[in-house]
Amino acid sequence: MGMKKRKKLPYGTVVLILFILLVGAVILSFMLGRYPVPPRELLGILLSKVFTVEPFWNDTMELVLFNIRLPRILLACLVGCCLSAAGTAYQGVLQNPMAAPDILGASSGAAFGAALAILFNRNSWTVIISAFVFSLMTVALVIFIGERSRGKKVLGLILSGIMISSLFSAATSFVKLVADPSNQLPAITYWLMGSLAGTKRGELLFAVFPMAGGLIPLLLLRWRINVLTLGDDEARTMGVNAAALRTIVIICATLVTAASVSVSGMIGWVGLVIPHFARRMVGNNYKHLMPASMILGAIFLLLVDNVSRNLLAMEIPIGILTAFIGAPFFIYLITREGERY
Amino acid sequence: MKNRILAYTLAALMILSLLTGCAKESPNEDAVAPDVSQVPAESEAPGATEPAREDFVFTDDCGRQVEVQGEISRIVPTGPIAQIALFAIAPEMIVGLASEWDSIAKDILDAEYYNLPQIGHIYGGKGEVNLEELALLAPQLLIDIGEAKSSVAEDLDTLQEQTGITCVHIEATLETMPQVYRKLGRLLGREERGEDLAEYCQRIYDRTMDIINQVGDNRADVLYCLGPEGLNVLAKDSYHAELIDMLTNNVAVVDEPSSKGTGNEVDMEQLLLWNPDYIIFAPEVSLDSLVKEPSWQQMKAISQGNYIKVPFGPFNWMGMPPSVQRYLGLIWLPAALYPDYVDYDAYEEIAEYFRLFYHSELSRELFDELTQNSFIQK
Amino acid sequence: MSIQVNNLSFSYGDNHVLKDVSFTANDGELMAVLGPNGVGKSTLFRCMLGLLREYKGETLINGESTRDMSARELARRVAYIPQSHYPAFNYSVFDMVLMGTMAQVSSISSPGKRQLDLADKALARLKISHLRNRGYTQISGGERQLTLIARALVQEAKVLIMDEPTSNLDYGNQLRVMAEIKSLAEEGYTIIESTHSPDQAFMYANRILAILDGQVLALGSPRETINQELIRKLYGVDVEIHSFKNDSIRIFVPDL
């Protein structure tokens, strides 16, 4: 083993850099769009919110910035942040580096809820709420079954997660089968691919509360999650009620996943790839890992969404893009040699 | 150490690639930007045949009151039904398409219209529409036409608030097309043109009803078969079977008529049980190979040659999408099934429709090509 | 700090794993628990650590029953040192040791300066400060065991329960780890360790608890308890005992 001197950036510096990158990415995203808003006008519009500036831009520019671009940028950041926070959290509580936000069925439950709502009623609010509720119910069911499993609870959770997920996937397939192929089926398919297109302020407001409700406890409890990765018994002898802590963390992670998936559809890979990327940067200690992972997730999804909304005149579903970026990265992760994480 | 460097490099690369992407985009932006500002100026000059109108309040068919500009010159349909209907009354106002024209339309439509930018279905589902792209087209109106979904008013309100573009829903069925065109005439400042189209629709509709009344009990027993194998039927009383039910005796009676455009799936035995006098095949059925199959040969309609295929161009004449082009079906189907009761020349009539609705001259050759298998060959 | 186990019994259904086990370990005592595999040593530890709760009898720490203590309260009194293991994620040695301060820090906060100092002190105490920033999974088994002991020290509990601390270690590491354990006992920690090695128990421990079939077979000082008879009963083998250095070392030679 080559003992090269490891000179790693201190955690504080890493987070500062990431934060600056995030701010930069947000500013950049504000400037990017199919509708051209020159920097001078952009600055003018932004300043006009604080000072009185004589408008020298057209109304559409302002509308595009605040009604179309801003909600979408914010949602991309939030969803990216939530998905990678949830992935990071699930990986810890399930002691499994390959865990992703959908491991306990949050996504497949949401997909079924959304498909069902599309089948019965095309109102977009119904779809969001149904996806959210089904997502939470699915994970509740998984926890219920997992807690009743004999032997190692974590394994029971993962197994029942896989089982219930595939059950709901089958149910979603059935809904797709009976859906009207001329309008419902494309809507379901599109939802399953995940997209932030047409983000409305209302959706943002709907999602932000459960997201905050999950993210804040995850941030506060982040150092404790470390001890869960050692197993229940060891955690308990160190004074941590592992079962209770795990349940709280799972609830929080599920809440943010459900909120994200219900407004954005299925966006895969973020919650698996970004935590590993963050582990590489700041190590496995959740005290550092969780914030780094959150910021990195926000940056990542924001940048990918920029591609999704700028590359072509038609939207490219972001779920497809994240898969295209995520899969090669994942292959790199599992084939690379070296230290285990 | 290596891994860490790699990670940082990757992150930096992501940012960099976007920056360059932005840089590349900028000349493009410059080219587009002035175009937008020119829009209002350009719109007032040509084609303003009607006297200038004041802005007004329009009440759409879901009861929403919206402010509409007096001079309308840029509109966008929200979906294919609206696209077809609007193309008839104001093709030059359409600045973006909900769905691409079928390639066959290349021979029918003006290149200017055929090559319009496609933005996708705006209304229905979360959709693939890039709202900024829509804003870039700067339409004054988004027009939704068809049968309303329960949430249409709320959805259009949201869309209008989000994009700042006035959204209007107009309720339309086959029978109400005359009213639809009068309404569109008022909305777009094209009253005269709207009235012409309304009268045309009324005339065709009334004449078709007359023919059917004369046919009376002699209506043909018919099945409408679709799907690649021809094993789906549009069942009686289903939404998409409206035209079939109106003009024929649809023998496909099932317990639960499907509301889907793909109809009800059945098997050969069921088809043989129905064994109608005539079979109408959807455009996608490959007729040549299908009618040679022994199983289909057992069908009376096939062995006797009593089968026809729905013409397609630029859309299915019997529906899909169920828009105004179904009037082509109202002209063609009676001519195909009840030639003894029909006193018009199908080509002349169809050509008139093409002139009015597609603004194009339909040549005899193209007509023959489109209707190749669409009349019973004796 | 003393730990006292009174009439502790435990059964999985009809399988009586522990029957009326009683003993006391006092300040500064290093108690070695001997017994073949499956006699209930682990179960005994799990009961004492509050990981199993449905036992009869009681465990007292300085006279207080552990039954009603929360995990946090118990962790401040008793620390557990598992066999060295591979966790799912690779933590730095320092982060691993710092986790021992969980019970001192409120649920929603992170360790403060006091905890960081404690961790550094513990590393220094076990002479592994140089490993501070190494990955826990990349160091040797003996170093991992010392890391886990350091983690128990920052927990600030005075009773340490160790599960076969020297199994899977090479000879040198066994001696190093045992020397550290012995010096901790001399500092006043109460240490209860399970072991498979009677000669090691004799050499380091000052009390022996021998368990067979869930019952206490022998309890007392090494010299009183560790003899041919005990080895035969515990492990079913006959050995000769040779004594060295004024009977401070006993070596067991199997009958060949």
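Student: Why is α2(B) called mostly covered?

Tutor: In this predicted model, a residue is buried if 20 or more other C-beta atoms lie within 10 Å of its own, exposed if 12 or fewer, and partly exposed in between, with C-beta atoms placed from the backbone. In α2(B), 10 of its 10 residues are buried, so the helix is described as mostly covered. Among them are B:Pro80, B:Gln83, B:Phe87 and B:Ile89.

Student: What makes α2(B) a helix, and against which elements do its buried residues pack?

Tutor: Helices (H or I, at least four residues) and strands (E, at least two) are DSSP runs, numbered from the N terminus. The run of α2(B) is 80-89. Its buried residues pack against β3 (75-77), β4 (141-146), α6 (177-188), α7 and α14 (346-358) of chain B. Contact here requires that the C-beta atoms of two residues, placed from the backbone, lie within 7 Å.

Student: What does α2(B) contribute to the contact between the domains of chain B?

Tutor: An automatic or database domain assignment supplies the bounds: domain 1 (56-200) and domain 2 (218-370). The contact takes 18 residues from domain 1 of chain B and 17 residues from domain 2 of chain B. On the domain 1 side, α2 and α7 (191-215) each supply at least two residues, and α2(B) gives the most, with 5 residues.

Student: How do you know which class the residues on that side of domain 1 of chain B belong to?

Tutor: Ala, Val, Leu, Ile, Met, Phe, Trp, Tyr, Cys and Pro count as nonpolar, Asp, Glu, Lys and Arg as charged, and the others, Gly among them, as polar. By this scheme the side has 15 nonpolar, no polar and 3 charged residues.

Student: Why is chain A called as compact as a globular protein of its length?

Tutor: The radius of gyration is taken over C-alpha atoms, and the globule rule is 2.2 Å times the number of residues to the power 0.38. Chain A has a radius of gyration of 21 Å, close to the 20 Å that the rule gives for 341 residues, so it is as compact as a globular protein of that length. Its C-alpha trace spans about 65 × 60 × 35 Å along its principal axes. Chain A has 14 helices and 0 strands, and buried residues make up 57% of its 341 residues.

Student: How many residues does chain C place in contact with chain A, and of which classes?

Tutor: Here 28 residues of chain C are in contact with 26 residues of chain A. On the chain C side, α2 and β6 (78-81) each supply at least two residues, and the largest share, 3 residues, comes from α2(C). That side divides into 15 nonpolar, 10 polar and 3 charged residues.

Note on methods: Residues are numbered from 1 along each chain as its sequence is written. Chains are lettered from A and ligands numbered from 1 in the order in which they are written. This is a predicted model: local features need pLDDT of at least 70, side-chain atom pairs count only at pLDDT 80 or more; totals for chains, interfaces and linings use all residues.
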